Amino acid sequence: MTSPAFVEMRGMVKHYGTIRAVENVDLDIGQGEVLAIVGDNGAGKSTLVKMLAGAVHPDAGEIKVDGEPHRIREPNDARRLGIETIYQDLALLPNLDVTSNLFLGRERMAEQPLRFLNVVARRRMRAETREHLKELSITIPQISGTPVGSLSGGQRQSVAIARAIVWASKLVIMDEPTAALGVAQSQAVLDLVRRVRERGTSVVIISHILPHVLELADRIVVMRHGVKVADLPAEGVTQDTLIELIVGYEKARRSA
Amino acid sequence: MDATGYGSAGSTEPAPPVVAGPDAAAVVAAPLSPWATGWRSLLLRPEMGLPLITLLFGVYLTFASQYFLQYQNILNITEAVAVLGIAASFATVVVVSGGIDLTPVTVEVMAGIVCLHALNAGVPVPFVVVLALAAAAGIGLLNGLLIAVGRLNPFIVTLGTNFLFTGVAYVVTSGNAQLIPNHAFQQIGQSRLPWHIPTSTVLMLGTFALAFLLLRFTRLGIHVYAVGGNEDAARLSGVRVRSVKLWVYALSALAAGFAGVVQASAGGSVAPYAASSSNDLLYILAAVIIGGTALTGGRGGVIGTLVGLLLLGMINNGLALKSISSFYQPVVTGIILIVAIVLDELRRRVRQPT
């Protein structure tokens, strides 16, 4: 690791009935590093990061952020720690517009006395949305009044990413951020990831697309059958090495 | 924290900005489909179809009967749907949240019974109203707790509480209609404001205005749409889903309780069999659906419900003016309901050609 860990996960366990999704996994995330987690389907990557995001409750394990132990019981707990997640299935609200999605759960409230009546500051949220999208060079003409469900897939993904980046002060977790995107859109997403790192925000990225992983990551963690099987600096790692680790060394040798 | 106690969670300050290069603009893909922006969408918009039908029906009635467009007749239509409307306004909010409330009519009767007993005990009228609303909110909170905290299906929960409190209404009244001979109380539902405007009409419009403002301008309103759109995504986005659900069922029952006060006052009596034998619940749901609110949640609003309600009122009124048996009213209502759903489905298929 290049910098001190600000997230330390120790002995994380999650079972679903008899299925051991995550079995006693330790994970450190350094300040400002891009950590990639790779592994086959069902290897436990998503479950592991969802425990950090507050979307899955661990059966056992301890999470420390900045040296302090924290119980992350729901997404809001993770948010309060500056940890934002972009989920595989987007987790945008298709029936809300861009502005409402960007500010969902953190709406800007109107001044008193309207704040007392739970009234939101719509104009202010629209202005801030415009500003944030401009900073990220994301061009979406309809930020208000048009549900995001009627935007294109690329536009929706950029809204989801913008929402995470705008609020993540410490860490962005991306679960397959480029899986549903074309080449140009994927490159734009990767570019955003780099810029987030330049800001000093850590990134955890789960991806099946190994060239993307090798292009971006500072460090790579490989999971197999719920267990961490490798944790290595990305420097010098080849795609073949990764594939062997993902499917299991022996198996790869035999079939080769 | 605000008056509703419905606050936000988590940090609300954005992280420092990320400076992106011009190449990030490539994230943007194809422009919006013409359906979303073109003038053609006007005709396919849910908020345009229903008012058009209502307007055409109004024009027809104007020519069909010389009495229809008279000031007094229009007021009569609004007065006739006032009680239904007060309950339907916040029943719409429940449907937008992806749930359903089958208890409004039962809550109306229960609120009426509370009025009856409180008035008999000599409680002043304003406090009688407060007591009735509190009882109604209690039923709503019971619904909300079972649905939000117990994670039970709203249809089944409110079907259950509907039976439960209908039974309670029969028990405490011994199954008899009871008169409420209190002049001051009757003013709520029977009095007329200047220009002969019925007070109940104004109360209905006021309730609709509250529901509209709630959905349009408050955080709770945004979250109601979010929960109705996708409950899991809403939860992951930091919406307090349980709190939202508690609020919508409590508010729906509160509105239904208010409708019950107006009904008991306007009728000067309360009857337990109103909860089990009237079609009011079905008319409330019909107004919500005709008004373009999707039963799947996340889409619609109270303006549609108000227009849908006026359309139902006009049908009833038109049949009466033409001296056609009121037995035909359910027939016409049923046809309109089915046409509304077919139109809605067509709209969605046109928008998502998959």
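Helix H13(B) is mostly covered, with 22 of its 27 residues buried. The structure is a predicted model. This briefing treats helix H13(B), its crossing with H9(B), the crossing of H15(B) and H16(B), and the residue B:Ala64 at its place in helix H3.

**Helix H13 of chain B**

- Helix H13 of chain B comprises residues 241-267.
- After H13(B) comes B:Gly268, which has a positive phi, near 70°.

**The crossing of H9(B) and H13(B)**

- Helix H9 of chain B covers residues 183-190, and its axis comes within 7 Å of the axis of H13(B).
- The two axes cross at roughly 110°, and H9(B) is therefore roughly perpendicular to H13(B), since angles of 65 to 115 degrees count as such.
- The handedness of this crossing is left-handed.
- On the side of H9(B), the contact is made by B:Phe185, B:Gln186, B:Ile188, B:Gly189 and B:Gln190.
- H13(B) contributes B:Val261, B:Val262, B:Gln263, B:Ser265 and B:Ala266 to this contact.
- By class, the contact of H9(B) with H13(B) holds five nonpolar and five polar residues, and no charged ones.

**The crossing of H15(B) and H16(B)**

- Helix H15 (residues 280-290) and helix H16 (residues 302-321), both of chain B, have axes that come within 7 Å and cross at roughly 120°.
- This angle makes H15(B) oblique to H16(B).
- The crossing of H15(B) and H16(B) is right-handed.
- From H15(B), the residues B:Tyr283, B:Ala286, B:Ala287, B:Val288 and B:Ile290 take part in the contact.
- Their partners in H16(B) are B:Thr305, B:Gly308, B:Leu309, B:Leu311 and B:Leu312.
- The residues of this contact divide into eight nonpolar and two polar, with no charged residue.

**Residue B:Ala64**

- B:Ala64 lies in helix H3 of chain B, which covers residues 46-64.
- B:Ala64 is exposed because 12 other C-beta atoms lie within 10 Å, and a residue counts as exposed if that number is 12 or fewer.
- The C-alpha atoms of B:Ala64 and B:Lys322 are separated by 7.9 Å, although the two residues are 258 residues apart along the chain.

Notes
Residues numbered from 1 in each chain as written. Chains lettered and ligands numbered in written order. Predicted model: local features only at pLDDT ≥ 70, side-chain atom pairs only at ≥ 80, totals over all residues. Helix = DSSP H or I, 4+ residues; strand = E, 2+ residues; numbered from the N terminus. Expected span 1.5 Å × (residues − 1). Buried ≥ 20, exposed ≤ 12 C-beta atoms within 10 Å, placed from the backbone. Axes fitted to C-alpha atoms, helices over the stretch in contact; angles between N-to-C directions. Parallel < 35°, antiparallel > 145°, perpendicular 65-115°, else oblique. Left-handed = near helix turned anticlockwise from the far one by under 90°. Contact = placed C-beta atoms within 7 Å. Nonpolar A, V, L, I, M, F, W, Y, C, P; charged D, E, K, R; others polar.
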